[in-house]
Amino acid sequence: MGFPNASGDLSSEMEVDAFRRLFPLQFHERHLAESIRPDGRPFGRARDTSIALGAVASANGSALVKIGSTTMLAAIKMEVMTPLLESPDEGCIAIDFHMPPICSPIVRPGRPAEAAPVVSKQLSDTIASSGMIDLKELSLVSGKAAWMAYLDIYCLNADGALFDTALLSAVAALSHLQIPAVSLNDDGKVVLMSEEDGEMVAKEPVNKEKRKLTLKSIPFSLTCLLHKNYILADPTAEEESVMETLVTIVLDSSSQLISLYKPGGSVLAYTSAIQDCVALTRQRVKELQSVLDEANSAMEVE
Amino acid sequence: MAGKAGTTPTTYSPSPTTKKTKAPLFKDDDVDWVRPDGRGFPQCRPAFFRSGAVNAASGSAYAEFGNTKVIVSVFGPRESKKAMMYSDVGRLNCNVSYTTFATPTRGQGSDHKEFTAMLHKALEGAIMMETFPKTTVDVFALVLESGGSDLPVVISCASLALADAGIMMYDLVAAVSVSCLGKNLVIDPILEEENCQDGSLMITCMPSRYEITQLTVTGDWSTPKINEGMQLCLDACAKLAKIMRSCLKAATDSQE
Amino acid sequence: MEYVSPEGLRLDGRRPMEMRQLRAEIGVVAKADGSASFEMGNTKVIAAVYGPREVQNRSQQMSDKALVRCEYSMANFSTGDRRRKPKGDRRSTEISLVIRQTMEACILTHLLPRSQIDIYVQVLQADGGTRSACINAATLALADAGIPMLDLVTSCSAGYLNSTPLLDLNYVEDSAGGPDVTVGILPKLDKVTLLQMDSKLPIDNLETVMQLAIEGCKAIANHIREVLLENTKELEYRRGV
Amino acid sequence: MVGLSLGEKHFIQGGIAQDLRCDGRKRLTYRPIYVETGIIPQANGSARVRMGATDVIASVKAELGRPSSLHPDKGKVSIHIDCSPTAEPSFEGRGGEELSSELSVALQLCLLGGKSGAGSGIDLRSLVVVEGKVCWDLYIDGLVVSSDGNLLDCLGAAIKAALSNTGIPRVQVTADPSSDEQPEVDISDEEFLQLDTSGIPVIVTLTKVGRHYIVDATGEEESQMSSAVSISVNRQGHICGITKRGGAGLDPSIILDMISVAKHVSEQLINKLDSEIAAAEAEEES
């Protein structure tokens, strides 16, 4: 390798990997000029997505979701609580998004990632505003007992599009959720009905009908990256770090806009760009819906 | 709804209806009880390893032994914390944590300090620390689901992740535990067995060098029994290391 | 509640002006540069002094005087109810600061520039007056370490309950809610270096209570001096002088 | 931190190789052990043990609690160790936490036996007041006041001494225990039950320096170790727990050899400790 004497274009003189690390922006822009992304995708295409339901045996509902190499594990544990006074016949969902130190080099034990609480909040807001879940379905005995669903999402591998993956895994886990059959004992405490003596016990389960949640309008999301005139769907962590402007759009299954989120960034998002993003999201929603349906039907076959 | 989570009322997980005491897992002198998952006493659960599970890490591995599922990432060697003084050998930093849904009752998902210390001790003897002076290697483990023998699985998985990261080691570290139930020694116990064990023995060793890096014993053991338990573990470690080695080999083959 | 009986006896059988039994021992922590244990009745503390030594954190180094640091910690078993106390809670931070400031005032820090002196006090049993006991133990430990001081610092507390001034309050008396005056003095110079009081006390009575505490300090100073003298004699004997 | 020159290091290693250590001991000799009991009046039992310049205090507090649902017929024991900064300036602030938790875990492993309670030195069944309802919870707190090596053995001895010193109040059950309610109990403040401590193991730590191993290493000797194995042995010669410290690997046959040496040493240690405890108890009573 010779010593470059011109400070301009070094790409011909360097190995690809070195160029990628030293001049990430140039590296990406040269790709964009060729209408292709470093991983070989065209601009508008999202990465391969897969959903595996029931990954955690110790939880009531769980899902492992992968978008590209971003991997998230969501699991729901159901516990019983006394409902709040202002809403005696409603249950509750507590959503928490964790980024354990394994998922990314920037997270260290005792120093949680900045992104985690942000995604947590976005998730809770999105799921609340989508009206996907009727909290009344989580009620057991009005004013006495209701379900508290703890939905914990762990990011196992962070490679961009964290919110999209988290939302998809949350939705998948909720669709997989099996509410355990319970009955009331003499003390007014809720107890589990075990499978074998379910017949012999005279008591009726309190939630005979309500073993699965009806998910009304399911929210799906797509994050797009705006750079100059390009719109890149579903960016990887590397793309996110090089180019700043992100737009996340959440639509429900009937293509209603649920939320739109653009956290700063240098490029102003023009209305036309947003329109394009929404169009991309619309396509993506169809894809995700079919992936989710497939996963659900695969579970039923088993 | 989720916004209310801050003022969460106290919750409990519903317990089974009938409070009948569970039939003991085994009877004291009964030699031919069957293990809950139908294995023989000296039989390990089928082990599944996969390296390279997390692409943001320098090296990583996923291990699944029955219901015990563990993922380990290795970062580094990278710059030590600023406060650290100069050191001419490398540093090893470990952390083991559980997910909130790893255990049958919902936990806090906090760090497991005991396991963190044990993992550190089990690995430090195997790593050639002098090959990365002034820097730190971080080994972070997350137990996705706890199904018994968590620590041995974490240790084996961590050594695989270290190998995947290309950290120089004298040998792979394999770990196996046995539980003592009455008169019987059962290897690679599941959660139920661990909960009623009379004693346990865990060995982490470097099979090719035939050296033990970490050993813990609890409960009442006579010398012949310790001998027997150790031999059982060492044999199992050797077999486990073979599986780990073939996993690494498969990974490199597929890369080529 | 009656803290002083009509016969003039306190709950633990002492008279109002009576101090609890004092016991002091030097050299209880072999590896420290200076150490001492100090007991006032059931209150028992250990102090260890490390230094003067190189300053650990360079940015804190001072070119004209020594850096004095202090950490106060309570053992889990030191109080009646077992409680896990996190280190560095407000109370211990406050006491650490009080001890540090008190000791700093009497150490001749300008003689030891660019060095650091660490004082660690560990409460083994707390039965009122831990603050005073810690200061007394720290003085002894500093003397044992051979650190130059203006004078010994001694400390003692006094209170005012059932309209009687009481010397050296124990835990029950301390938690009665009455005034609690902690005084630290330099006995030779007859100067007060520390004065803390909580709760209400008529200004006329402050004088008497404070005077009582000062008397207590002086008595402790005598005791400490004896202990030091004895210790020195022992060292002398061992050296064969 | 032990700062040793190269010459000092060689001197220590050479001495151990020749079975004559710096303080004149042989490889398998302990330093003199001093035991003092009942030093914390507020606790149910307490003891202070000194071995050379290592000085530790252990206390036992008993509180009434509820047995766990897994073992309704057993009481609970927990061990927690703190390292005071008086022992070592580096324990200041949170500096001692790592060592504290390591010691706590090792002591739990060595003294409390397996999860079912087998191999535990303390008979957990004797701590139950009403089965499934009320039991004694023993909180064992240790404090390292001064440290010069071999903390684990010393703490083990202190806990054993503190437990022999422990008196647990006799409890009278007043309400009917058959009902679902928590039974009412009456704690006597005069009658005390002594714990049976004959089964409590002692901990023998063998520290490997060079090719040999030594017991009761001082701080300076510990800085030269390659690895150390702590073995707890009870009076019957049964192993109740093993933990290993230090990174270097050990051949399994060496570990077995260490176990047999530890068994041999433990006999003397138990006898010595028992007589010291008895003497301390006698002194306290007089």
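User: How much of chain B is buried?

Analyst: In this predicted model, buried residues make up 51% of the 256 residues in chain B.

User: And what is chain B built from, in helices and strands?

Analyst: Chain B has four helices and ten strands. Along the sequence they follow β-β-β-β-β-α-β-α-β-β-α-β-β-α.

User: Switching to the assembly. Which chains share the most contacts?

Analyst: Chains A and B do, out of three pairs of chains in contact.

User: Which chains have no contact with each other?

Analyst: Chain B and chain C do not touch, with their nearest C-alpha atoms 10 Å apart. No contact joins chain A and chain D either; their closest C-alpha atoms lie 11 Å apart.

User: Now B against D. How many residues does each chain put in?

Analyst: Chain D gives 27 residues and chain B gives 32.

User: Which elements of chain D supply that side?

Analyst: Helix H2 (97-112), strand E12 (239-245) and helix H5 (252-285) of chain D each supply at least two residues of the side that touches chain B. The largest share, six residues, comes from E12(D).

User: What does E12(D) pair with on chain B?

Analyst: Strand E10 (residues 211-221) of chain B. The two pair in the antiparallel sense over three bridges. At one spot, B:Trp221 has D:Ile239 in E12(D) as its bridge partner.

User: Which sheet does that pairing belong to, and in what order do the strands run?

Analyst: An open sheet of eight strands, with antiparallel pairing. The order is E8(B)-E7(B)-E9(B)-E10(B)-E12(D)-E11(D)-E9(D)-E10(D).

User: Which strands stand at the edges?

Analyst: Strand E8 (184-187) of chain B and strand E10 (212-215) of chain D. Each has a single partner strand, so one side of each is left without a neighbour in the sheet.

User: How much are neighbouring strands turned against each other?

Analyst: By 20° on average, direction ignored.

User: Which strands does H1(B) lie across?

Analyst: H1(B) lies across E7, strand E9 (199-206) and E10 of chain B. Relative to E10(B), the helix runs at about 135°.

User: How does H1(B) sit against H2(D), parallel or perpendicular?

Analyst: The axes of helix H1 (residues 113-124) of chain B and H2(D) come within 10 Å and cross at roughly 95°. H1(B) and H2(D) are therefore roughly perpendicular to each other.

User: Which residues meet there?

Analyst: From H1(B), B:Lys113, B:Glu114 and B:Ala117. They meet D:Ser101, D:Glu102 and D:Val105 in H2(D). By class, this contact has two nonpolar, one polar and three charged residues.

User: Last one. What confidence scores come with chain D and the complex?

Analyst: Chain D averages a pLDDT of 86, and 94% of the residues score at least 70. For the complex, the predictor gives an ipTM of 0.81 and a pTM of 0.84. Where pLDDT is low, predicted coordinates should not be read in detail.

Key: Residues numbered from 1 in each chain as written. Chains lettered and ligands numbered in written order. Predicted model: local features only at pLDDT ≥ 70, side-chain atom pairs only at ≥ 80, totals over all residues. Contact = placed C-beta atoms within 7 Å. Pairing = 2+ DSSP bridges. Axes fitted to C-alpha atoms, helices over the stretch in contact; angles between N-to-C directions. Parallel < 35°, antiparallel > 145°, perpendicular 65-115°, else oblique. Nonpolar A, V, L, I, M, F, W, Y, C, P; charged D, E, K, R; others polar. pLDDT = per-residue confidence, 0-100. Buried ≥ 20, exposed ≤ 12 C-beta atoms within 10 Å, placed from the backbone.
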